[in-house]
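This report goes through one protein chain, from confidence and overall layout to individual residues. The sequence and structure come first.

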Amino acid sequence: MIERPVLDALEGEGRDYYPVQLDPEDDFAYARYWRGEWGRHLDLIFEEEDVLPPLDSIAALPACKREWCALEVSLGDHLSARTLGLVKFSYSLQHRLPDLAFQALPLSRSGDRSVHWRSVDSAIIRELDFAGVTVHIHQPPALHLHRYPGSPPGGPAPATSDTPA
Ligand SMILES: [Zn+2]
């Protein structure tokens, strides 16, 4: 479920976005989501449901020419931009590395399993590292709202894009 302050912030940005609600009982829904989204957009701008974007921070992402942009989010005792909390993957990156999400998040032979939601961010970032892509950090950091321990992100929900699906 998208946190109310996050929805308010997205509305304030005045850009198109579409929420995605994943099945919280399905540990692999997040991986399938990323497999499905990669390569479908001009710039893929993605935000998890409990990450509060600073004012105008989302608008700055498509305006930036770098391929992988992110805002730092709090991970307890430190800030990190190596998350999928609020990121942009440019059109050029997705088309230069069209298989990245599929390599990072392979399906099981039966097709019903993939990478557990907890490891999706690290799996994608590992592939970016392998490809030599470095993150461009935008300031200020985003506020990471409360996350309930042990529960899935529940809907890596609001995404915005220049080309809504
Ligand atoms: Zn940037």
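## Terms and confidence

Strands here are DSSP runs of E with at least two residues, and helices are runs of H or I with at least four; both are numbered from the N terminus. By that definition, Pro 140 lies in strand 7, residues 136–144.

The model is predicted. Its average pLDDT is 87, and 88% of the residues score at least 70. Residues 154–165 have a pLDDT below 50, although this stretch has 55 contacts in the model beyond near neighbours in sequence. Where pLDDT is low, the predicted coordinates should not be read in detail.

## Overall layout

The protein has six helices and eight strands. Read from the N terminus, the order of elements is α-β-α-β-β-α-β-β-β-α-α-α-β-β. Of the 165 residues, 41% count as buried. Among contacts between residues at least 6 apart in sequence, 79% join residues at least 24 apart.

## Helix 1

Which residues of helix 1 are buried? In this helix, residues 4–13, they are Val 6, Ala 9 and Leu 10. These residues are on the same side of helix 1 because they cover an arc of only 100° around the axis. An α-helix has 3.6 residues a turn, so residues three or four places apart point the same way.

The cover over the buried residues of helix 1 includes strand 1 (17–18) and strand 3. On the face turned away from the buried side are the exposed residues Arg 4, Asp 8, Glu 11 and Gly 12. Just after helix 1, Gly 14 has a positive phi of about 70°.

Strand 6 spans residues 86–89 and is covered on both faces. Leu 86 and Lys 88 are buried on one side, Val 87 and Phe 89 on the other. In a regular strand the side chains alternate between the two faces of the sheet.

Strand 2 (residues 44–47) runs antiparallel to strand 6 and is joined to it by four bridges; here Ile 45 stands opposite Lys 88. Strand 4 (residues 68–74) is also antiparallel to strand 6, with three bridges between them, and Trp 68 stands opposite Phe 89.

## Nonpolar core

The largest nonpolar core has 37 residues, of which Trp 34 and Val 120 touch the most other members. Helix 2 gives the most to this core, with five residues. In soluble globular proteins, nonpolar side chains tend to be buried together.

Leaving aside residues up to four places away in sequence, Val 120 touches Tyr 30, Ala 31, Trp 34, Leu 105 and Val 115.

## Loop residues and backbone exceptions

Leu 42 sits in the loop between helix 2 (29–37) and strand 2. Is Leu 42 partly exposed or buried? Leu 42 counts as partly exposed because it has 14 other C-beta atoms within 10 Å, where buried would take 20 or more and exposed 12 or fewer. The C-alpha atoms of Leu 42 and Ser 92 are separated by 8.1 Å, with the two residues 50 apart along the chain.

Most residues other than glycine have a negative phi, and most peptide bonds are trans. Asp 56 is not a glycine but has a positive phi of about 70°. Asp 56 lies in the loop between strand 3 (51–52) and helix 3 (57–63), and is exposed because it has 10 other C-beta atoms within 10 Å. The peptide bond from Gln 139 to Pro 140 is cis, with omega near -5°.

Note on methods
Residues are numbered from 1 along each chain as its sequence is written. This is a predicted model: local features need pLDDT of at least 70, side-chain atom pairs count only at pLDDT 80 or more; totals for chains, interfaces and linings use all residues. pLDDT is the predictor's confidence in each residue, from 0 to 100. Two residues are in contact if their C-beta atoms, placed from the backbone, lie within 7 Å. Two strands pair if DSSP finds at least two bridges between them. A nonpolar core is a set of buried Ala, Val, Leu, Ile, Met, Phe, Trp, Tyr and Cys residues joined through C-beta atoms within 7 Å. The arc is that of the directions from the helix axis to the C-beta atoms.
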